[in-house]
Amino acid sequence: MRLRALISAFDGFVLDQYGVLHDGDRPYAGAVEALQAIRAAGKRAVLVTNSGKPAAANAQRLARLGFPRELYAELVSSGEAARLGVAEGAFGRAFAAGGKVHVVGRRGDDYALERFPFVAVALAEADGLLILGSDAPRVALAEYAERLKPAAARGLPALCANPDLEMLTREGRQPAPGAIAALYARLGGEVAYVGKPHPFIYAIVARALAGVRPAKVLAVGDSPLHDVEGAAKAGFATALVRTGLGAGRADEELRRAGPRPPDFVLDGL
């Protein structure tokens with residue numbers, strides 16, 4: 001089964017980006033056409049991505065890969081959700097305007113830090129950690145542990161704006177920012193999460209789908225833990241696709257891979 005077979009049954013669609021629409025270098029077969037079909041049917045598609053970067057940066061990457069902006073109603077990134085949460089004072093004093101934070105991310109990546117009301121500083125000067133990306137495999141988890149032990153010992157809170165545990169790279173699967181955050185928690189650090197499967201990002205998605213009942217929304221992803229669990233708690237129907245993290249996995253394996261089974265398993269979009 002492919003997504004286009006389900007378009008008539010739902011009024012809103014929530015789609016993951018990496019591993020569902022594209023592999024980082026090119027669109028998956030039928031992905032652009034599926035978004036075109038949703039739009040042609042008068043339905044809404046909202047793209048939701050665990051990316052520490054702002055929505056605009058993700059939209060620009062999608063456009064370069066062949067996904068025109070008019071094909072989806074809105075793009076919600078966990079980085080953008082974190083910025084909104086900070087503006088609302090959702091994450092405490094360490095992440096309030098003027099706070100001094102140390103950024104954990106991939107070397108050379110632009111996380112548009114000017115959009116946050118923070119001062120980026122060295123770890124020794126920080127009042128909090130902002131975990132936006134992972135530099136694996138260049139930096140292994142063991143090295144992150146050594147780097148972050150002093151922060152955990154000082155009781156620095158962390159805000160993780162990408163809860164993904166794994167990421168697909170040219171070097172294969174690597175620890176994602178969520179794995180660094182989980183490591184920090186094991187070191188004794190306090191961690192707040194923004195992004196799938198946590199509820200704050202789904203509140204933003206619900207606003208983008210205003211007027212559509214949750215039961216008439218289908219969320220499509222490749223991660224049982226992040227895409228299925230978070231969407232199901234939001235009241236959405238769920239589908240796992242056999243691309244990205246789901247590539248090469250049988251239906252029954254995907255249905256048993258997470259805390260709850262998806263409503264559908266798709267061969268593709």
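Which residue in β6 is the bridge partner of Val 101?

Analyst: That would be Gly 128. Keep in mind that this is a predicted model, so read what follows as a description of the prediction.

Let's stay with β6 for a bit.

How do you get from β6 to β7? By way of helix α4 (residues 141-154), and β6, α4 and β7 together make a right-handed β-α-β unit. Elsewhere in the model, there's a charge-on-ring contact: Arg 147 lies over the face of Tyr 144, 5.9 Å from the ring centre.

The structure has 16 salt bridges. One of them joins the side chains of Lys 196 and Asp 16, with N to O at 2.9 Å. That pair ties together distant parts of the chain, 180 residues apart: Lys 196 sits in the loop between β10 (191-193) and α6, while Asp 16 sits in the loop between β1 and α1 (31-40). Lys 196 and Asp 16 are both buried. They also belong to a salt-bridge network that takes in Asp 227.

Another salt bridge is a local one, between Glu 80 and Arg 83, whose closest N and O atoms are 2.8 Å apart. These two are 3 residues apart in helix α3 (residues 78-87), so about one helical turn separates them. Glu 80 counts as buried because its relative accessibility is 13%, whereas Arg 83, at 22%, counts as partly exposed. Then there's Arg 106 with Asp 109, whose side chains meet at 3.1 Å, N to O. Arg 106 is partly exposed at 40% relative accessibility, and Asp 109 is partly exposed too, at 24%.

On to the rings. The structure holds 6 aromatic pairs. One of them is Phe 10 with Phe 264, edge-to-face, with the centres 6.3 Å apart and 90° between the planes. This pair also spans distant parts of the chain: Phe 10 comes in the segment before β1 (12-15) and Phe 264 in strand β13 (residues 264-266), 254 residues apart. Phe 10 counts as buried because its relative accessibility is 7%, while Phe 264 is partly exposed at 22%.

Another edge-to-face pair is Tyr 202 with Phe 236, at 6.3 Å centre to centre and 65° between the planes. Tyr 202 belongs to helix α6 (residues 199-208), and Phe 236 to the loop between α7 (224-233) and β12 (237-241), so this pair too links distant parts of the chain, 34 residues apart. Both Tyr 202 and Phe 236 are buried. As for Phe 10 and Phe 264, ring pairs link them with Phe 13 into a cluster.

Key. Residues numbered from 1 in each chain as written. Predicted model: local features only at pLDDT ≥ 70, side-chain atom pairs only at ≥ 80, totals over all residues. Heavy atoms only, no water. Phe/Tyr/Trp six-rings, centres within 6.5 Å; stacked < 30°, edge-to-face > 60°. Helix = DSSP H or I, 4+ residues; strand = E, 2+ residues; numbered from the N terminus. Buried < 20%, exposed > 50% of the residue type's maximum accessible area, 1.4 Å probe, protein only. Lys NZ or Arg CZ within 6 Å of the ring centre and 35° of its normal. Pairing = 2+ DSSP bridges. Right-handed = clockwise from strand over helix to strand, strands pointing away. Salt bridge = Lys/Arg side-chain N within 4 Å of Asp/Glu carboxyl O.
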